[in-house]
Structure formats: structure tokens, C-alpha cells
Amino acid sequence: MAAAVASLYRRVLPSPPAVDFASPEGKRLFAEALAAGTMEGFFPLVSCFQTQSEPAFCGLASLAVVLNALAIDPGRRWKGPWRWFDESMLDCCEPLDKVKAEGITFAKVACLARCSGADVQSFRANRVTIDDLRRHLLRCVASQDCHLIASYHRQTFKQTGTGHFSPIGGYHAGEDMALILDVARFKYPPHWVPVELLWDAMNTTDDSTGFLRGFMLVSRKTAAPSSLYTVSCRDENWKSIAKYCAEDLPNLLKGENLDNVQTLFSRLIESLPADAEALIKWVVEVRRKEEGGPSLSKEEKERLFLKENVLQQVRDTRLFAIVYDQQYANNSCCNCSSSSEEDSLTRIAAAVCCQGAAVLSGNLASRNGFCCKETCLKCVQANGDGLKTVISASVVSEGNEQGVDILLPMSSPGSSLCNSNLKKNAVKYPSSADVLTVLLLALHPNTWLGIKDEKLKAELQILVSIDNLPDDLKREIMHLRRQLYYLKACKEKEEDDGDDPPSPKYQC
């Protein structure tokens, strides 16, 4: 007979050094800090507060609370019609099953915050002082525009456990104490701690990386998030693609016998890693079948229109025409239509619908367990703007079947696949030619400086220039460019000594 595992109901908070938030002393500290104006960040945080859903999800829960407190729109549904950050949606930098088993590092939490649409400044303890901590803490608690997430070791406070993340909800300047809103509410309540001890708890080494802990400041981005494309580093494939963009491509451009655009793009396409499309993903609109109905809502229509507008603007560039022609010319010598198959609506529909079903079920950690049973195209009314195309699919996971609809952006907003030949119009939905086009536009301008033929270099720089792009597409490209910059920095010094890379000079 197996021995029963003992269960626990909370822990007694070691006090001192901590002061329970709900104790008379904790209430006094709160009232005095509130009167002093250093509890402003507390209210949005506590309005969105949640308990971590897994023992190792403290970083994800802390970030979800902060993102929701900042009123950042995730741009995708959580459950039902609601868009809301949940731990299950924070997987763009590390697979959830890995976080569940091993926890998450300081750098990966910062990465998650960025790819979720926030601005992040991260500071490891070896790069700042306790006075810097107080200065940043005071700025955050006195406003609702910035929140501080602490990465610290529990044993400094005589608590059980090791490394932990939690947001800081307030500061009492007179007694130099910070309020930790512990996301492990099943273990410890919110509590005040001396800032000197908080600093000591941050100034500890994470054994999994060998680097010191610290804190990060999370705030809203001033720039709009992307609408159609985003950089994804969820899978390890991104490392080879990042290497290609940063090293292989510049070396290829220095080669001999590159004297025209067609030759250059032919070699570029031939040298692409097999999984190049995995780096830039299509941001889709997903809904359950039963929630959809026969028409689009006003919000769905507006978001779909923006996606279609960006897609059309990509297609209108001369760069796209060259990439598309050269990409398919490179495959024309094959006996099979592999490129057409790769861009087939069936393949895209199956992959996207499985991902959509995982998002809607909140089960992203096991999204590979979703199987697309069937897909079909259908048309829905867009509030007087004619028909729009929807990919409708039945997805099966662990014996359960659910219906998923994907709203399909088209490069010609006035047309629909419903009244046209699928093969003829295949290029109208997002394809690998689009992904390659936006990737080339998003690369650092210095990428092309190694081209030896000056005439070719000048022509190429005009092709990839974003100066004259429409505003919507320019914002999209700048968003991708910032993401690629941070991705490159992560590759060069993965789990480094921690501070953010400097802002790229080409950033708007």
C-alpha cells in the first residue's frame, strides 16, 4: 500500500521579519502609506489579483496580474467572449509544461512580458543598488502606470521554499517597508517586509542559471501592438532562424556573383532554414462555433478589417511581388508542388484550428494533443459589408470534440473564397511569401551593407526601406523589428547577467 502524502493548509507567516497585511500593524502601515500616496499601484493590482494555479507558476501568475492591472489587451480570447490574461496564455517564450515542471527564470519572465505587449526594464542585483531599488519602487507605487515584480529567495524572510516571484503592491517610506502581494496565497498572505531584507532576498543566486535575481518594471507600451504578425520563440527552432538572420544571411550577401535582385533572392530562399516560417506567426481571430452565429460582431469586423488592411499593404509592396515570384520559381523545377502544399489552406486551417482549440480550452501545455478532425470553409455576413470567409473545424482532444472558427483575413477585402476557385485565390490568405516579406522588411537595415555590388545594394535598400510604407504596415514592421532585436539579444547572451539590452537605434 502506497503511503499517503501529507497535505498542507497554508503556512504560518514568520513574523518578524514580515508583517501580515491583515494584522493591526499591517493595516496601520497600509493606512499611512495610502495617506502618503505610495499605495496608488495597489488598487489596480488587487482588482486583478489571482493565486498561482500551479506550484511553479509564480512568475506566470505575477505577470498575468500585472498585465491585467495595466489594462493591456491580449488581443485574443481567454474564455467565452472575454479577452483577459491568464497563466495558460503566457507561453511565447517557454512551453507551459516545462514551466510547470521546472519553474521559470528571471529572463524568461521579462521575455514573456515583452511578447505580451508590455514595456519591461529588468535589473539584476549586481547591476543596481538598494537606493536604485527604492527609487524605482517609489516611482511605481505612486502611479498606476508601472508595476514592480520582485524575484527573490524566500529563506531571507525565514519562509519555506526557494526562488519566488510576486508583484510589489505598496511602500511605506517612513518605515522603509514594501508590501509583497504573494501570488502563492495558499501558502502565505500578503505581507510587509523591510526593503533592506527584500534587497538581500533579491541579491541571491538562482542555481538554475548561476545569475543573481532582481526586479523588473512592467508598464504599458506606447506603441500599438501588432495586428497580423508576431515573432514567436515558443519552440527551440527560433535559435537557428535567429542565427540565420544575424550571421548566415549577412555572410551570404558578401558572396561573389550577386549582381541582380533575382539572383540574390534565389540564393536567399534556397538558404533559408527549413523551419523559417516558425519565427513569424500569423495572429488569428479564434472563436467557438457556438459563440459565432451567422454574422460577425462589430469588434470582430473591425479587427478583421485591420488584419486585411495590413495583409493588402504587404501584398502591395514591390518586395512581395519579387519574393512571391522567386519563391515559386525556385519550386517550379520540382516534380511536386511542395510549396503550394505548404501554403495550402487545409494545412494552415488544421494547424491554426488546433492551436485555437488549445487557446480556448486553456490547455496550451498539451496543444500537440489536439487533432483536427475536419475543416471546411463557410461564409458569414459582416454587417452589410458582404461575405467574409471563416475556416470552420472540428478538433478532437482526449475524446472530446469542439468546434472552432478562424476568421480568415483576405488580401482583397471585397472578395471571398466562397465565390471563387480556391487554387486561383490561394495567394489571398496569409502565406509563406508574406512571412518572408515582412521578415525581410523587419531585419536591421545594416543587414544589407555587406553587398559588394553598389548598384544592387542601393536597389535592395530601396526594396526593404520602410520609410514610405503605409502607417499600419510601418507600425507592424517596427513592432516585429523590436521583437527581433530582443530575440537577437537573447540568443547572444541567453540567461546573461540580466539587464535589458539597450534600445535599438533604429527604433521609432
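F320 and Y324 are separated by about one helical turn, because they are 4 residues apart in helix 12 (residues 318-331). Helices here (H or I, at least four residues) and strands (E, at least two) are DSSP runs, numbered from the N terminus. The model is predicted: local features need pLDDT of at least 70, side-chain atom pairs count only at pLDDT 80 or more, and totals for chains, interfaces and linings use all residues. Residues are numbered from 1 along each chain as its sequence is written, and side-chain values use heavy atoms, with hydrogens and water left out.

**Aromatic pairs**

The structure holds 7 aromatic pairs. Rings of Phe, Tyr and Trp (its six-membered ring) pair if their centres lie within 6.5 Å; planes under 30 degrees apart count as stacked, over 60 as edge-to-face and the rest as tilted. Two of the pairs are described here. F320 and Y324 are stacked, at 5.8 Å centre to centre with 25° between the planes. Y152 and F157 are edge-to-face, at 5.7 Å centre to centre and 65° between the planes.

Burial is defined by relative accessible area: buried is under 20%, exposed is over 50%, and partly exposed is in between (1.4 Å probe, protein chains only). F320 is buried, at 7%, whereas Y324 is partly exposed, at 27%. Both Y152 and F157 are buried. Ring pairs also link F21, F30, F42 and F43 into a cluster.

**The chain as a whole**

The chain has 17 helices and 15 strands. Of its 508 residues, 53% count as buried. The chain exposes about 22,800 Å², of which carbon and sulfur atoms supply 52%; accessible areas come from the Shrake-Rupley method with a 1.4 Å probe, and for residues only the protein chains shown count as cover. A contact means heavy atoms within 4.5 Å. Among contacts in the chain with a separation of 6 or more, residues 24 or more positions apart account for 69%.

**Helix 11**

Helix 11 (residues 298-315) has 18 residues and should span 26 Å at 1.5 Å a residue; its end C-alpha atoms are 26 Å apart, which agrees. The expected span is 1.5 Å times one less than the number of residues. The buried residues of helix 11 are E300, L304, K307, E308, V310, L311, Q313, V314 and R315.

**Cysteines**

A disulfide is a pair of cysteine sulfur atoms within 2.5 Å, and by this rule the count comes to 1. This disulfide joins C140 to C146, with an S to S distance of 2.4 Å. In general, a disulfide is a covalent bond between the sulfur atoms of two cysteines.

| Residue | Relative accessible area | Class |
|---|---|---|
| C140 | 2% | buried |
| C146 | 4% | buried |
| C48 | 13% | buried |
| C58 | 9% | buried |

Q50 lies in the loop between helix 2 (42-47) and helix 3 (58-69). Q50 is buried, with a relative accessible area of 15%. Not counting residues up to four places away in sequence, Q50 touches A61, A64, V65, F85, E87, V183 and R185.

P14 lies in the segment before strand 1 (19-20) and counts as buried at 17% relative accessibility. Leaving aside neighbours within four places in sequence, P14 is in contact with F157, K158, Q159 and Y188. P14 and F157 are 143 residues apart along the chain, yet their C-alpha atoms are separated by 7.3 Å.

Two strands pair if DSSP finds at least two bridges between them.

Strand 1 and strand 6 (residues 191-194) pair over 2 bridges in the antiparallel sense, and V19 has W192 as its bridge partner in strand 6. Strand 6 also pairs with strand 5 (residues 177-180), over 4 bridges and again antiparallel. Here the bridge partner of M177 is P194. Strand 3 (residues 146-153) and strand 4 (residues 163-172) run antiparallel and are joined by 6 bridges. The bridge partner of H153 in strand 4 is G163.
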